[in-house]
Amino acid sequence: MRPQIAAANWKMNLTLPQAEALLDALLATSRTTAPHQQVILAMPFPYLPLAISRTAGQSHISIAAQNCHHKPSGAYTGEVSAPMLASLGITHILIGHSERREYFLEDDVLLAAKLDIALEHGLTPVFCCGEPLRVREAGTHDAFVATQLRNSLFHLPPERLAGLLIAYEPIWAIGTGRTATAEQAQEMHAGLRSVIARHAGDTLAATIPILYGGSVKGSNAGELFSKPDVDGGLVGGASLDAVDFGRIVGALKQA
Ligand code: PEP
């Protein structure tokens with residue numbers, strides 16, 4: 001079975017004492033019950049070394065960064081590079097989160113470069129895609145998200161695509177409390193899998209985990225994750241509540 005993943009995105013939240021307390025609480029609540037179930041914690045840069053050391057030896061938990069620069073090093077004051085993250089022991093990285101696209105004007109071409117540098121340094125990208133409300137209302141969401149994939153991912157040879165995770169996050173559902181229905185999520189995930197299959201073949205498309213993101217909570221995770229092409233969730237707000245995030249981990253498919 002494909003990996004089933006609960007990924008937390010803390011965004012730009014918490015002070016160090018708060019981060020330490022939440023990390024400890026999450027370690028206590030985020031128990032998996034099968035080897036294909038995994039937890040990824042994406043946190044602000046300053047807390048990454050702490051998270052790496054606190055989760056050492058817990059093979060079901062991986063630590064992710066939320067961003068990196070697209071160049072390996074150089075005169076880019078204030079930026080953080082993929083080789084720096086890899087040298088800390090980070091294994092995963094969010095790329096293309098809608099907040100990066102919207103507030104930091106990251107476009108498909110820049111995201112393709114970030115994917116390349118992440119993969120080059122052994123980081124597993126969690127590539128985020130998703131449409132704004134106006135596109136959903138116009139009914140062109142399938143084509144919109146397929147274009148995001150084509151523009152940022154399809155320069156990669158199939159063997160490199162195989163190392164990716166995808167998170168479908170409709171922008172109208174992020175941080176709004178408005179979740180896509182399980183049917184809407186399934187429809188989009190199945191559609192993305194066929195777009196990947198046309199580019200790289202059915203076998204590869206069947207192996208890539210596709211997470212759903214957008215107001216996932218303990219109360220709706222079970223229904224969303226029950227859909228065949230929904231392989232878990234990328235969770236913002238609810239990941240700041242260890243008990244609720246534990247319920248989300250508990251909703252991952254068993255088999
Ligand atoms: C996110 O940050 O990726 C996200 C989905 O946020 P929320 O769960 O708060 O909607």
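Predicted model: local features only at pLDDT ≥ 70, side-chain atom pairs only at ≥ 80, totals over all residues.
The side chain of E169 places an N or O atom 2.6 Å from a ligand oxygen. The side chain of N9 has an N or O atom at 3.2 Å from a ligand oxygen. On its own the ligand has 290 Å² of accessible area, and the protein covers 96% of this.

From the ligand we turn to the strands. Strand β7 spans residues 210-213 and is covered on both faces. In a regular strand, side chains alternate between the two faces of the sheet. In β7, I210 and Y212 lie on one side, L211 and G213 lie on the other, and all of them are buried.

Strand β7 has pairing partners in β6 and β8. With β6, residues 165-168, the pairing is parallel and runs over three bridges. Within this pairing, A167 has L211 of β7 as its bridge partner. With β8, residues 232-235, β7 also pairs in the parallel sense, over two bridges. Here Y212 stands opposite G233 of β8.

Charged side chains supply another set of contacts. With a cut-off of 4 Å between a side-chain nitrogen of Lys or Arg and a carboxyl oxygen of Asp or Glu, the model contains 13 salt bridges. One of them joins E20 and R54, with an N to O distance of 3.0 Å. Because E20 belongs to helix α1 (residues 16-29) and R54 to helix α2 (residues 48-54), this pair ties together parts that lie 34 residues apart in sequence. E20 is partly exposed at a relative accessible area of 27%, and R54 is partly exposed at 31%.

The salt bridge between R100 and E106 has its closest N and O atoms 3.0 Å apart. Here both residues are buried.

A further salt bridge, between D244 and R247, has its closest N and O atoms 3.7 Å apart. Both residues belong to helix α12 (residues 242-250), where they are three residues apart, about one turn of the helix. The cut-off for a buried residue is under 20% relative accessible area; D244 is therefore buried, at 16%. R247, at 48%, is partly exposed. Elsewhere, salt bridges with shared partners join R2, R193, D229 and D231 into one network.

G130 sits between β5 (124-129) and α6 (133-138). Its relative accessibility is 5%, so G130 counts as buried. Along the chain G130 and M188 are 58 residues apart, while their C-alpha atoms are separated by 9.6 Å.

Note on methods:
Residues numbered from 1 in each chain as written. Heavy atoms only, no water. Buried < 20%, exposed > 50% of the residue type's maximum accessible area, 1.4 Å probe, protein only. Helix = DSSP H or I, 4+ residues; strand = E, 2+ residues; numbered from the N terminus. Pairing = 2+ DSSP bridges. Polar contact = N/O pair within 3.5 Å; in protein donor to acceptor, adjacent residues only side chain to side chain. Areas by Shrake-Rupley, 256 points an atom, 1.4 Å probe, with all protein chains shown as cover.
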